[in-house]
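The answers will follow the model.

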Amino acid sequence: AAQLTRLNDAAPALALTDQTGREVTLESSRGRPVIVAFAFAHCETVCPLVVADVMTARRRLGPEAPPALIVTLDPWRDTPSRLASIARQWGLDADAHVLSGAPDEVERTLNRWRVPRVRNEKTGDISHPSIVYVIGANGRIAYVVSGNADAISAAVRAL
């Protein structure tokens with residue numbers, strides 16, 4: 001935790017549809033920490049690692065693991081109707097949610113969270129960093145880490 005920089009920034013609003021068709025909000029998790037990450041299903045480089053790191057960190061944290069919200073970066077292909085398949089592909093458990101919605105709604109969410117990204121209009125691929133937020137029980141951003149299961153676990157433990 002000594003290598004982590006503690007933040008206390010307001011977490012932006014987040015309200016999108018998960019793999020069960022339910023609306024999931026950040027506010028609904030108030031009172032417990034939450035991990036928020038960004039990925040998309042067609043990604044073959046960074047995203048599988050980010051999702052694996054989040055899920056590995058949650059397993060390491062055991063019963064105290066916070067829920068994970070993985071917001072798609074590609075709402076054009078990761079539509080709400082595809083989320084159940086994506087959740088299975090990523091091996092998400094019951095307390096991990098892949099989130100999407102209408103493209104403009106997801107884009108507004110990504111902009112509020114200041115997620116840098118560039119979409120290749122020809123291929124649909126998206127270049128982006130591996131950003132993982134750890135939100136405290138108070139609903140504020142406590143840590144921002146660059147993927148890595150050890151860093152995610154350490155950030156949650158440092159809350």
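What follows is a set of questions and answers on this predicted model.

Reader: What should I know about numbering and cut-offs?
Author: Residues are numbered from 1 along each chain as its sequence is written, and side-chain values use heavy atoms, with hydrogens and water left out. The model is predicted, so to speak of local features requires pLDDT of at least 70 and side-chain atom pairs count only at pLDDT 80 or more, while totals for chains, interfaces and linings use all residues.

Reader: How many helices and strands does the protein chain have?
Author: Helices (H or I, at least four residues) and strands (E, at least two) are DSSP runs, numbered from the N terminus. Along the sequence they follow the pattern β-β-β-β-α-β-α-β-α-β-β-β-β-α. The protein chain has four helices and 10 strands.

Reader: What radius of gyration does the protein chain have?
Author: The radius is taken over C-alpha atoms, and the globule rule is 2.2 Å times the number of residues to the power 0.38. The C-alpha trace spans about 45 × 30 × 25 Å along its principal axes. For 159 residues a compact globule would have a radius near 15 Å, and the value for the protein chain agrees with this: 14 Å.

Reader: What share of the residues of the protein chain count as buried?
Author: Buried means under 20% relative accessible area, exposed over 50%, and partly exposed in between (1.4 Å probe, protein chains only). Of the 159 residues, the buried share is 48%.

Reader: Which residue in β10 is the bridge partner of Asp9?
Author: Strand β10 covers residues 140-145, and two bridges join β1 to it in the antiparallel sense. The partner of Asp9 is Ile141.

Reader: Which residue in β5 stands opposite Ala37?
Author: In β4, six of six residues are buried. Val34, Val36 and Phe38 point one way, and Ile35, Ala37 and Ala39 the other way. β4 pairs with β9 in the antiparallel sense over four bridges, where Val36 stands opposite Tyr133. With β5 the pairing is parallel over five bridges, and the residue opposite Ala37 is Ile70.

Reader: Is Val106 buried or exposed?
Author: Val106 lies in helix α3 (residues 103-112). Leaving aside neighbours within four places in sequence, Val106 is in contact with Leu16, Thr72, Pro75, Ser100 and Gly101. Because the relative accessible area of Val106 is 0%, this residue is buried.

Reader: How many salt bridges are there?
Author: A salt bridge is a side-chain nitrogen of Lys or Arg within 4 Å of a carboxyl oxygen of Asp or Glu. One of them joins Arg77 to Asp74, with the closest N and O atoms 2.6 Å apart. By this rule the count is 12.

Reader: Which residue forms a salt bridge with Arg58?
Author: The closest N and O atoms of the pair are 2.7 Å apart. Arg58 lies in helix α1 and its partner in the loop between α2 (83-90) and β6, so the pair ties together parts 35 residues apart in sequence.

Reader: Where does Arg117 lie?
Author: The side chains of Glu107 and Arg117 meet in a salt bridge at 3.1 Å, N to O. The pair links distant parts of the chain, 10 residues apart, with Glu107 in helix α3. Arg117 lies in the loop between α3 and β7 (118-119).

How values were computed: Two strands pair if DSSP finds at least two bridges between them. Contact means heavy atoms within 4.5 Å.
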